[in-house]
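Here is a short briefing to read alongside the sequence and the structure.

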Amino acid sequence: MSNQQHDTFLKQAINLAVQSAQSEGGPFGAVIVKNDIVIGKGHNQVTKHCDPSAHAEIMAIRDACKTINHHQLNDCIIYASCEPCPMCMSAIYWARIPTLIYAATAADAANAGFDDQFISDELNKPYAERSISIQQINHVDQNKSFEEWLANTSHIEY
């Protein structure tokens, strides 16, 4: 794909972010492209839907997966108006998107009040040192769902 095409799709993501910032959402946008066609779009809708996971990249992934009726987005490119947060980066990996192109940096977002450095720092700490209390409790049925998954010969791998 040419730099001009990348610029065109990145501009679409930025336009979604600007429109979102002017209305009910946060200043983030994303588009997902497959074979030079936009198959998914999203903008930040955290406050609109009272959903902390409704980030632009997550919304674009949901839209693209619905468009192609599949949970994996191999051979796609995600264009984001800003460097994705840790949650969105994880979703990009889970969706198997092989290429990410973004415009603004995490530092740019932090300057606008969207600083996720605390989360990145927390994820690098052992559980005992995190600000959230994390505890594993053994349960007699803790592996039952995995056993059922493995026994179900018609399950869909991911």
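**Cysteines, cores and aromatic pairs**

The sulfur of Cys88 lies 3.7 Å from the closest cysteine sulfur, that of Cys85, which is too far for a bond. The model is predicted. A search of the whole structure turns up 0 disulfides.

**Cysteines**

- A disulfide is a covalent bond between the sulfur atoms of two cysteines.
- Cys88 is buried, at a relative accessible area of 0%.
- For Cys65, the closest cysteine sulfur belongs to Cys76. The two sulfurs are 8.4 Å apart, again too far for a bond.
- Cys65 also counts as buried, because its relative accessibility is 16% and the limit is under 20%.

**Nonpolar cores**

- The largest nonpolar core holds 21 residues. Ile32, Ile39, Ile61, Leu73, Ile78 and Ile97 have the most contacts inside this core.
- Two strands, β1 (29–34) and β3 (76–82), each supply at least two of its residues. So do two helices, α3 (56–68) and α4 (86–94).
- Helix α3 gives the largest share of this core, with 6 residues.
- What does Ile97 touch, leaving aside residues up to four places away in sequence? Its contacts are Ile32, Ile61, Leu73, Cys76, Ile77, Ile78 and Ile92.
- A second core is separate and has 8 residues. Among them are Phe9, Leu16, Val33 and Ile77.

**Aromatic pairs**

- The whole structure contains 3 aromatic pairs. Two are described here.
- Phe28 and Phe114 pair edge-to-face.
- Phe114 is partly exposed, at 38%.
- Trp149 and Tyr158 also form an edge-to-face pair. The distance is 6.1 Å centre to centre, with 80 degrees between the planes.
- Trp149 is partly exposed, at 33% relative accessibility. Tyr158 is exposed, with a relative accessible area of 58%.

Definitions and conventions
Residues are numbered from 1 along each chain as its sequence is written. This is a predicted model: local features need pLDDT of at least 70, side-chain atom pairs count only at pLDDT 80 or more; totals for chains, interfaces and linings use all residues. Side-chain values use heavy atoms; hydrogens and water are left out. A nonpolar core is a set of buried Ala, Val, Leu, Ile, Met, Phe, Trp, Tyr and Cys residues joined through side-chain atoms within 4.5 Å. Buried means under 20% relative accessible area, exposed over 50%, partly exposed in between (1.4 Å probe, protein chains only). Helices (H or I, at least four residues) and strands (E, at least two) are DSSP runs, numbered from the N terminus. Contact means heavy atoms within 4.5 Å. A disulfide is a pair of cysteine sulfur atoms within 2.5 Å. Rings of Phe, Tyr and Trp (its six-membered ring) pair if their centres lie within 6.5 Å; planes under 30 degrees apart count as stacked, over 60 as edge-to-face and the rest as tilted.
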